[in-house]
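Please look at the sequence and the structure below before reading on. The paragraphs that follow go through the chain step by step.

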Amino acid sequence: MFDTRELGRRPGAQRKLQRSVPAPAGLGIDVLGVSEGSDIELALRLESVMEGVLASGTARVLLTGECVRCLEPLEQQLDVDFQELYAFPESEIEEDEASRLEGDLLDLEPVVRDAVVLALPYQPVCSDDCPGLCPQCGARLADDPDHQHEAAIDPRWAALATVVPDDQNDTDEVAGSPRRPEVKE
């Protein structure tokens, strides 16, 4: 909450503020957000206008979360701009066109929350070229760029693998073929 009493109701009067406020709970999405209680740095300008008070500024937050490709923890700094008109309680402005002042106080939390959440990346990554995890074993591919597995057997031929033992690749051992006798010279 910010007090606007010092502005009075003189259109054109303005006041600039720098504040650090604690982050509210639930500021973010499942994979990325602002930790509750961490600092939100606000650079705010309050300007008195005919209908109320125009609040505009920038919020700087530290995002924490994890990469959606490799699940490694990540931290990013985010700066977001916001602007909102807070109408005087007796103003004829419709409810959906502007927020309302509560006496001489204005509540910035919903505006900052909307600005931060809308600016979050939908799928945060640790780097643009993050290769992610191996789909077979879950190994982090950035740690082992040459990571490979044996070629997968076509499922239509997988039943033959049980017929032919691994240590005998001789074609005579294939089921159904007659075994040739050994010739001694």
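**A walk through the chain**

The model is a predicted one.

Leu42 also belongs to the largest nonpolar core, which has 35 residues. The members that touch the most other members are Leu42, Leu44, Leu46, Phe82, Leu106, Leu108 and Val116. Two or more residues of this core come from each of these elements: strand S4 (32-34), strand S5 (39-48), strand S6 (52-66), strand S7 (73-87) and H1.

An α-helix has 3.6 residues a turn, so residues three or four places apart point the same way.

Serine 56 is found in strand S6. Is serine 56 buried or exposed? Its relative accessible area is 11%, and buried means under 20%, so serine 56 counts as buried. Not counting residues up to four places away in sequence, serine 56 touches Ala43, Leu44, Arg45, Phe82 and Gln83. Leu44 and Phe82 are among the core residues that touch the most other members.

Arginine 10 sits in the loop between strand S1 (2-3) and strand S2 (14-22). Arginine 10 has a relative accessible area of 52%, and exposed means over 50%, so arginine 10 counts as exposed. Arginine 10 and glutamate 47 are 37 residues apart in sequence, while their C-alpha atoms are 9.4 Å apart in space.

Further along, valine 163 is in the segment after helix H1 (109-119). Valine 163 is partly exposed, with a relative accessible area of 38%. Together with Ile153, Trp157 and Leu160, Val163 makes a nonpolar surface patch of about 420 Å².

Some totals complete the picture. Of the 185 residues in the chain, 28% count as buried. The accessible surface of the chain is about 12,800 Å², and 48% of that surface belongs to carbon and sulfur atoms. Among contacts between residues at least 6 apart in sequence, 55% join residues at least 24 apart.

Terms used: Residues numbered from 1 in each chain as written. Predicted model: local features only at pLDDT ≥ 70, side-chain atom pairs only at ≥ 80, totals over all residues. Heavy atoms only, no water. Patch = residues over 30% accessible without salt bridge, like charges linked within 9 Å, V, L, I, M, F, W, Y side chains within 5 Å. Areas by Shrake-Rupley, 256 points an atom, 1.4 Å probe, with all protein chains shown as cover. Salt bridge = Lys/Arg side-chain N within 4 Å of Asp/Glu carboxyl O. Helix = DSSP H or I, 4+ residues; strand = E, 2+ residues; numbered from the N terminus. Buried < 20%, exposed > 50% of the residue type's maximum accessible area, 1.4 Å probe, protein only. Core = buried A, V, L, I, M, F, W, Y, C linked by side-chain atoms within 4.5 Å. Contact = heavy atoms within 4.5 Å.
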